[in-house]
Amino acid sequence: SGRAVAWATLGPREDFPAILSSTKLKPQDGVEAWALPCFYVDPAWRGRGLMAALLDAAEARARERGAAVLE
């Protein structure tokens, strides 16, 4: 049907102001960090490995773009 059943938000840490202002997630000097602040799997599709696939794809994409850390 073309309907998304899982998605994730991923990008450089500086793209997420709430993370930048966090007192718990401090940036590391000189380390290219990316964030994965939001992900979702439709309840009807859970238990099929989609979360693992999302996390694997997010890690690969972040590394391709130069990230040393994925938060």
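**Figure 1. The whole chain at a glance.** From the N terminus on, the elements of the protein follow the order β-α-β-α-β. That makes two helices and three strands, where helices (H or I, at least four residues) and strands (E, at least two) are DSSP runs, numbered from the N terminus. This is a predicted model, in which local features need pLDDT of at least 70 and side-chain atom pairs count only at pLDDT 80 or more, while totals for chains, interfaces and linings use all residues. Residues are numbered from 1 along each chain as its sequence is written, and side-chain values use heavy atoms, with hydrogens and water left out. The C-alpha trace spans about 45 × 25 × 20 Å along its principal axes. Of the 71 residues, 23% count as buried (under 20% relative accessible area, with exposed meaning over 50% and partly exposed lying in between; 1.4 Å probe, protein chains only). The accessible surface comes to about 5,000 Å², and carbon and sulfur atoms hold 56% of that surface (Shrake-Rupley method with a 1.4 Å probe; for residues, only the protein chains shown count as cover). Among contacts with a separation of 6 or more, 63% link residues 24 or more positions apart; contact means heavy atoms within 4.5 Å.

Figure 2. Two strands pair if DSSP finds at least two bridges between them. S1 and S2 (residues 33-41) run antiparallel and are joined by six bridges, whereas S2 and S3 pair in the parallel sense over two bridges.

**Figure 3. Partners along the strands.** Follow S2 and you can pick out individual pairings. Pro12 stands opposite Trp34 of S2, and Ala6 has Val41 in S2 as its bridge partner.

Figure 4. Tyr40 belongs to strand S2. Why is Tyr40 classed as partly exposed? Its relative accessibility is 32%, so Tyr40 counts as partly exposed. Beyond residues up to four places away in sequence, Tyr40 touches Val5, Ala6, Trp7, Arg46 and Leu54. Ala8 lies 32 residues from Tyr40 along the chain, and their C-alpha atoms are separated by 6.4 Å.

**Figure 5. Phe39, next along for a visit.** Phe39 also has its place in strand S2. Because its relative accessible area is 42%, Phe39 is partly exposed. Setting aside neighbours within four places in sequence, Phe39 is in contact with Trp7, Ala8 and Met51. The C-alpha atoms of Phe39 and Leu55, 16 residues apart along the chain, are separated by 9.0 Å.

**Figure 6. A charge over a ring.** The charged end of Arg48 sits over the ring of Trp45, 4.4 Å from the ring centre. For this label, NZ of Lys or CZ of Arg must be within 6 Å of the ring centre and within 35 degrees of the ring normal.
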